[in-house]
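Please look through the structure below before you read my points.

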Amino acid sequence: AGRTLHLRNLKDIFYGWWLVGITTFTLAVISGTGFQGLGTFFVVLERQFGWSRTLLSGAFAFSRAEGALLGPPTGYLTDRLGTRRMVLIGFSLMGLGFVYLSTIDSIAGFYVALLVIFFGSGLGGFIPFITAVNNWFVRKRSMAMGIAMAGLNGGGVLVPAIAWSIISLGWRTTSMGLGIGTWAVAVPIFLAIRNTPEEHGLR
């Protein structure tokens with residue numbers, strides 16, 4: 001009886017708060033792997049290929065600039081397609097970028113891999129999720145947004161794990177694992193998202 005009551009209590013939680021939790025988790029994954037975690041690859045790539053820090057950092061800066069330019073079209077596509085589809089598209093591209101990164105042997109390949117990773121993380125990241133949270137809340141919207149965006153900083157907890165994996169398994173295996181892992185988490189996230197309360201039978 002106690003267990004049944006507990007399950008009922010969980011079902012009574014406003015679904016918008018579940019979406020906030022999903023957003024916090026997803027932004028942490030994107031931030032920890034697609035932004036903060038990429039820096040852990042720099043040292044090993046520099047040592048293996050002899051690429052300078054300037055070249056490596058240039059790819060990162062160039063990709064960040066691409067992310068800034070993606071804002072308007074990402075907003076437009078989110079309005080047209082909804083958060084669910086944008087997440088599926090974005091995570092598919094992000095995973096593809098990591099898989100391709102595991103195969104590169106040239107600085108040009110490194111630039112292309114980072115561009116694909118940042119392109120995917122932009123399409124399926126901050127703007128679509130914050131749009132969904134905004135759709136779900138009228139009261140306590142600021143609190144919901146604040147909790148959701150905490151994931152951007154929370155992704156830092158993944159960096160030590162990525163660094164350990166690079167040291168223990170190698171950067172190619174780590175990058176391949178990140179790509180496959182990105183594809184794996186995309187499916188449950190996609191299934192859990194509701195763009196609006198109406199999709200969940202609410203008003």
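1. Start with a definition. Ala, Val, Leu, Ile, Met, Phe, Trp, Tyr, Cys and Pro count as nonpolar, Asp, Glu, Lys and Arg as charged, and the others, Gly among them, as polar. With that in hand, take the second largest pocket. Its lining holds 7 nonpolar residues, 5 polar ones and no charged ones. Keep in mind that this is a predicted model.

2. Now the fold. The chain has 11 helices and 0 strands. Its pattern along the sequence reads α-α-α-α-α-α-α-α-α-α-α. The chain has 203 residues, and 39% of them count as buried.

3. Back to the pocket. The second largest pocket holds about 210 Å³ of space. Which helices each supply at least two residues of its lining? They are α2 (15–36), α10 (159–169) and α11 (171–192). Helix α11 gives the most, with 5 residues.

4. Find the lining residues yourself. Among them are Phe-25, Val-29 and Thr-33. Ala-161, Ile-162 and Ser-165 also line the second largest pocket. So do Thr-174, Leu-178, Gly-181, Thr-182 and Val-185. Leu-158 is one of the lining residues too.

5. Next, the surface. Tyr-76, Leu-77, Leu-81 and Ile-89 make a nonpolar patch of about 330 Å². Helix α5 (residues 71–81) brings the largest share, 3 residues.

6. Why does Leu-81 count as partly exposed? Its relative accessibility is 30%. Buried means under 20% and exposed over 50%, with partly exposed in between. Leu-81 therefore counts as partly exposed.

Key. Residues are numbered from 1 along each chain as its sequence is written. This is a predicted model: local features need pLDDT of at least 70, side-chain atom pairs count only at pLDDT 80 or more; totals for chains, interfaces and linings use all residues. Side-chain values use heavy atoms; hydrogens and water are left out. Patches are made of residues with over 30% relative accessible area and no salt bridge: like charges are joined within 9 Å, nonpolar side chains (Val, Leu, Ile, Met, Phe, Trp, Tyr) within 5 Å. Accessible areas come from the Shrake-Rupley method with a 1.4 Å probe; for residues, only the protein chains shown count as cover. A salt bridge is a side-chain nitrogen of Lys or Arg within 4 Å of a carboxyl oxygen of Asp or Glu. Helices (H or I, at least four residues) and strands (E, at least two) are DSSP runs, numbered from the N terminus. Buried means under 20% relative accessible area, exposed over 50%, partly exposed in between (1.4 Å probe, protein chains only). On a 1 Å grid over the protein atoms alone, a cavity is a set of points where a 1.4 Å probe fits but cannot get out, and a pocket is an open set with protein on both sides within 12 Å along at least five of seven lines; lining residues have an atom within 4 Å of a point. Grid points are joined across faces, edges and corners, and a volume is the space filled by probe spheres set on the points.
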